[in-house]
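Please keep the structure in view while going through the points.

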Amino acid sequence: MTGVPIADVCARQGEEVHHETAARGMFERIAPTYDLLNRVLSAGIDGRWRARAVGELKSAPPGPVLDLCAGTMDLTALVAAERPHERLVAVDFSPGMLEVGSRKAPRAEVVVADALSLPFENGTFAAVICGFGVRNLADVSRGVREVLRVLRPGGVFVTLELFRPARPAARVFHRAYASVVLPTLGGLVSGDRGAYDYLARSMKGFLSRADYEHLLRDCGFAHVAGCDLTLGVASIVRAEVAA
C-alpha cells in the first residue's frame, strides 16, 4: 500500500505519517491537470461553490486571511478580490499545486506547510477558509485545533467540503459519480486513475456534515452552522472563535 493515501478517515489513526506522505505525493502528480479536471468533473459548478464560501467571510473581522489547503489557489484568488487590502496567505503541503496556482493571486504569500503544524503565531488570522482540503488531512481533529490556534478571538473559519452525504438523493449521486465518473475520467485526463479512485473513496470514508459540525464544537468553536449546496453534493460550514 506504499504511496496510496488512506481513504477512510477513521483508519488513518496510527498511520498519519504514511497518509500524509502518500497524499502529498498524489497531489504533486496530479497538479498539472488538477484545474482542468475540476472544471470538467463539476461541470463548472465548483466555481459557484467557492464564491458562496468566500461570501461567508463577509462578516469576519478585518485582518489577515489564511487559505488553508489552498491547492491551486482558486479560493485565494477570490479572497484577494473580495479583501484587496488584507494580508492573504495561501498554505498547502504540495509545492506543485501552489506553483500551478500562484499566478492567480500574485499578491498572496505562498507557504508550503503542513496543516497540522502551521508556522504561524497564535491569533495571527482574522479568518481561515479551507476548500476541499479537510477531507485529506491525516488527523482532522488536530487540523481543526490548529485552525483554532491561529485564529484570533472573533475570527471566522469557513469550510467548503464534500462531506459524506446524508440525503438519499445525494448518496445516489455520490455512489454513481464516485464509482464510475471520477476515477474513469480523472484517470484518463491525469494519467493517474489511482489518485482519483482515492478521491472518490475519500468522500464515502469522510465525516458527514453533522459529524464535522460536532467536531468543531468539541474542539472549541462557537456559532457553528452549515448549509448544503446542490442537493447536498457539497456543503459549507461556518464557525467562529469566541470573542
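**Note on helix packing and buried residues**

1. In this predicted model, helix α5 packs against helix α8 (residues 209–219) at an angle of about 55°, and the two axes lie 10 Å apart. Angles from 65 to 115 degrees count as roughly perpendicular, and those under 35 degrees as roughly parallel; α5 and α8 are therefore oblique to each other. The crossing of α5 past α8 is right-handed.

2. Which residues make this contact? On the side of α5 they are V140, S141, V144, R145 and L148, and on the side of α8 they are Y212, L215, L216 and C219. By type, the residues of this contact comprise seven nonpolar, one polar and one charged.

3. L215, a residue of helix α8, deserves a separate remark. Its relative accessible area is 14%; buried means under 20%, so L215 is buried. When residues up to four places away in sequence are not counted, L215 touches V140, S141, V144 and L207. For L215 and V144, the C-alpha atoms are separated by 8.3 Å, although the two residues are 71 residues apart along the chain.

4. R135 is placed in the loop between β4 (125–131) and α5 (140–150). Is R135 buried or exposed? With a relative accessibility of 4%, R135 counts as buried. Its side chain forms a polar contact of 2.8 Å with the side chain of S202. Apart from neighbours within four places in sequence, the residues in contact with R135 are R12, E161, L162, Y198, L199, S202, M203 and F206.

5. The loop between β1 (65–68) and α3 holds C69, and M73 also lies in the loop between β1 and α3. C69 is not a glycine, yet it has a positive phi of about 55°. M73, likewise not a glycine, has a positive phi of about 70°. C69 is buried, with a relative accessible area of 18%, and M73 is buried, with a relative accessible area of 0%.

How values were computed: Residues are numbered from 1 along each chain as its sequence is written. This is a predicted model: local features need pLDDT of at least 70, side-chain atom pairs count only at pLDDT 80 or more; totals for chains, interfaces and linings use all residues. Side-chain values use heavy atoms; hydrogens and water are left out. Helices (H or I, at least four residues) and strands (E, at least two) are DSSP runs, numbered from the N terminus. Buried means under 20% relative accessible area, exposed over 50%, partly exposed in between (1.4 Å probe, protein chains only). A polar contact is a pair of N or O atoms within 3.5 Å; within protein, one must be able to donate a hydrogen and the other to accept it, and residues adjacent in sequence count only if both atoms are side-chain atoms. Contact means heavy atoms within 4.5 Å. Axes are lines fitted to C-alpha atoms, for helices over the stretch in contact, and angles run from 0 to 180 degrees between N-to-C directions. Angles under 35 degrees count as roughly parallel, over 145 as roughly antiparallel, 65 to 115 as roughly perpendicular and the rest as oblique. A crossing is left-handed if the near helix is turned anticlockwise from the far one by less than a right angle, and right-handed if clockwise. Ala, Val, Leu, Ile, Met, Phe, Trp, Tyr, Cys and Pro count as nonpolar, Asp, Glu, Lys and Arg as charged, and the others, Gly among them, as polar.
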